[in-house]
Amino acid sequence: MSDLDVILEESVETGRLLSLAEVKATLEKAQIDREELTYEQKIALEHARRFARVEPKVAQAIVAAVQKALPDVEAKFAVRVADLLPQHGDDVRALFQKSRHDLSEADVARVIAIVDEHYTP
């Protein structure tokens, strides 16, 4: 069983949110296995290929690090960080704008440090 199979099974069983990189990997594997994707899956795969900027393991590491650094923040915001990879404080604040958690300047700096640690453009 590949890492991707484990990601998919775990996500389906627990209802876990997937980053764009994980969606891309999952759909690419499904395309190989099934040979044909549905229209919606093809559109989602095209979107993921265009905008996923990291590998699934890197995205998972970013999500885990954000959740560890900011334990009160919902998982969907950590996934957004992994998808969008914010480089500036304003970008981080925009991502967390609808969060119930008010980010301090230290929290913003922590998120930027996590992204910088795992991703270099």
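## A helical chain and its nonpolar core

Phe77 is buried, at a relative accessible area of 2%. Buried means under 20% relative accessible area, with a 1.4 Å probe and protein chains only. This is a predicted model, in which local features need pLDDT of at least 70, side-chain atom pairs count only at pLDDT 80 or more, and totals for chains, interfaces and linings use all residues. Residues are numbered from 1 along each chain as its sequence is written, and side-chain values use heavy atoms, with hydrogens and water left out.

**The chain.** The chain has 7 helices and 0 strands. Helices (H or I, at least four residues) and strands (E, at least two) are DSSP runs, numbered from the N terminus. The chain has 121 residues, and 36% of them count as buried. Take contacts, meaning heavy atoms within 4.5 Å, between residues at least 6 apart in sequence: 52% join residues at least 24 apart.

**The aromatic pair.** The structure holds 1 aromatic pair. Rings of Phe, Tyr and Trp (its six-membered ring) pair if their centres lie within 6.5 Å, and planes under 30 degrees apart count as stacked. The pair here is stacked, because the ring centres of Phe77 and Phe96 are 5.7 Å apart and the planes lie at 25°. Phe77 sits in helix α5 (residues 75–84), Phe96 in the loop between α6 (89–95) and α7 (105–118), so the pair ties together parts 19 residues apart in sequence.

| Residue | Relative accessibility |
|---|---|
| Phe77 | 2% |
| Phe96 | 4% |

**The core.** A nonpolar core is a set of buried Ala, Val, Leu, Ile, Met, Phe, Trp, Tyr and Cys residues joined through side-chain atoms within 4.5 Å. The largest one has 26 residues, and Ile62, Val66, Val81 and Phe96 touch the most other members. Two or more residues come from each of α2 (20–34), α4 (56–69), α5, α6 and α7. Leaving out residues up to four places away in sequence, Ile62 touches Val81, Ala82, Leu85, Ile114 and His118.

**The cavity.** A cavity is a set of points, on a 1 Å grid over the protein atoms alone, where a 1.4 Å probe fits but cannot get out; lining residues have an atom within 4 Å of a point. The volume of the largest cavity is about 30 Å³. Its lining includes Ser19, Phe51, Arg53, Ala82 and Asp83. Helices α2 and α5 each give two or more residues to that lining.

Key. Rings of Phe, Tyr and Trp (its six-membered ring) pair if their centres lie within 6.5 Å; planes under 30 degrees apart count as stacked, over 60 as edge-to-face and the rest as tilted. Buried means under 20% relative accessible area, exposed over 50%, partly exposed in between (1.4 Å probe, protein chains only). On a 1 Å grid over the protein atoms alone, a cavity is a set of points where a 1.4 Å probe fits but cannot get out, and a pocket is an open set with protein on both sides within 12 Å along at least five of seven lines; lining residues have an atom within 4 Å of a point. Grid points are joined across faces, edges and corners, and a volume is the space filled by probe spheres set on the points.
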